[in-house]
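Hi,

Here's the structure I promised to pass on.

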Amino acid sequence: MKITYYGHSCFLIEAGGKRLLTDPFISGNPLASAFKASDIRCDYVLQSHGHADHIYDLETVLQNNPEAIVVGIWEIHDRYSQKGYKTHPMNIGGSWQFDFGKVKMVAAVHSSSFPDGSYAGQAAGFVIDTPDGVLYFAGDTALTRDMELIPMTCPALDAAILPIGSNFTMDYKEALIASDFIRCNRIIGCHFDTFGFIVIDHEAAVNTFAESGKELTLIPIGQHIEI
Ligand code: NI
Ligand code: MN
């Protein structure tokens with residue numbers, strides 16, 4: 001499984017022979033100014049919730065990838081299918097077998113609305129179970145005991161993408177607790193540094209994990225890792 005970072009919560013996951021993009025937000029992110037949303041090629045977009053810092057470039061991506069399917073909660077499906085895009089509706093707790101692997105939509109503790117203020121359903125995360133590895137993408141969320149359900153209901157995780165920037169989500173110290181809840185020692189950070197509210201001390205964050213024998217990876221924007 002190859003994971004490329006486009007900043008904030010936007011990752012391109014190559015697994016199961018497909019390209020899965022999460023939460024497209026590139027043109028509004030000054031840290032990702034070297035990249036263009038219109039250049040990204042993907043087969044699916046996993047959309048965690050409707051906030052602008054996650055959905056801002058969704059239509060640009062879909063217009064440049066007319067076969068791509070948006071996977072999101074019912075209200076996101078409803079809005080984007082009415083606009084003529086391909087969608088797959090899910091809701092919290094449900095799973096679906098796609099051609100690249102099985103996706104389970106899991107709980108997140110966070111609000112959700114579209115940029116125009118209309119209702120976007122609940123915020124969610126995804127557990128992505130592919131032949132190339134199992135990944136949890138948490139979306140925006142607080143630390144929540146619901147995460148303990150993931151190891152009870154899903155295959156063992158190879159890695160997890162967790163928000164670490166605080167203010168809008170949990171911080172990196174709580175992400176360390178989350179890594180215990182989900183029984184995963186390989187954590188990839190997201191939702192940090194993009195705005196002044198979520199700037200973090202990278203060294204302190206990485207050391208906090210290392211002191212517990214765990215690994216926090218902060219992928220430089222535009223670079224990738226293999227898990
Ligand atoms: Ni949000
Ligand atoms: Mn956010």
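Let's start with P89: leaving out residues up to four places away in sequence, P89 touches G72, W74 and H77 (contact means heavy atoms within 4.5 Å). P89 sits in strand β6, residues 86-90 (helices, H or I with at least four residues, and strands, E with at least two, are DSSP runs numbered from the N terminus). With 32% relative accessibility, P89 is partly exposed (buried is under 20% relative accessible area, exposed over 50%, partly exposed in between, using a 1.4 Å probe and protein chains only).

Before going on, a word on the source: this is a predicted model, where local features need pLDDT of at least 70, side-chain atom pairs count only at pLDDT 80 or more, and totals for chains, interfaces and linings use all residues. Residues are numbered from 1 along each chain as its sequence is written, chains are lettered from A and ligands numbered from 1 in the order written, and side-chain values use heavy atoms, without hydrogens and water.

Now the metals. The manganese ion (ligand 2) is coordinated at 2.2 Å by D53 (OD), H54 (NE2), D140 (OD) and H191 (NE2) (donors are N, O and S atoms within 2.8 Å of the metal, 3.2 Å for Na, K and Ca; water is not among the atoms, so sites may look incomplete). Two of these residues are buried: D53 at 14% relative accessibility and H54 at 0%. D140 also coordinates the nickel ion (ligand 1), 3.1 Å from the manganese ion.

Cheers
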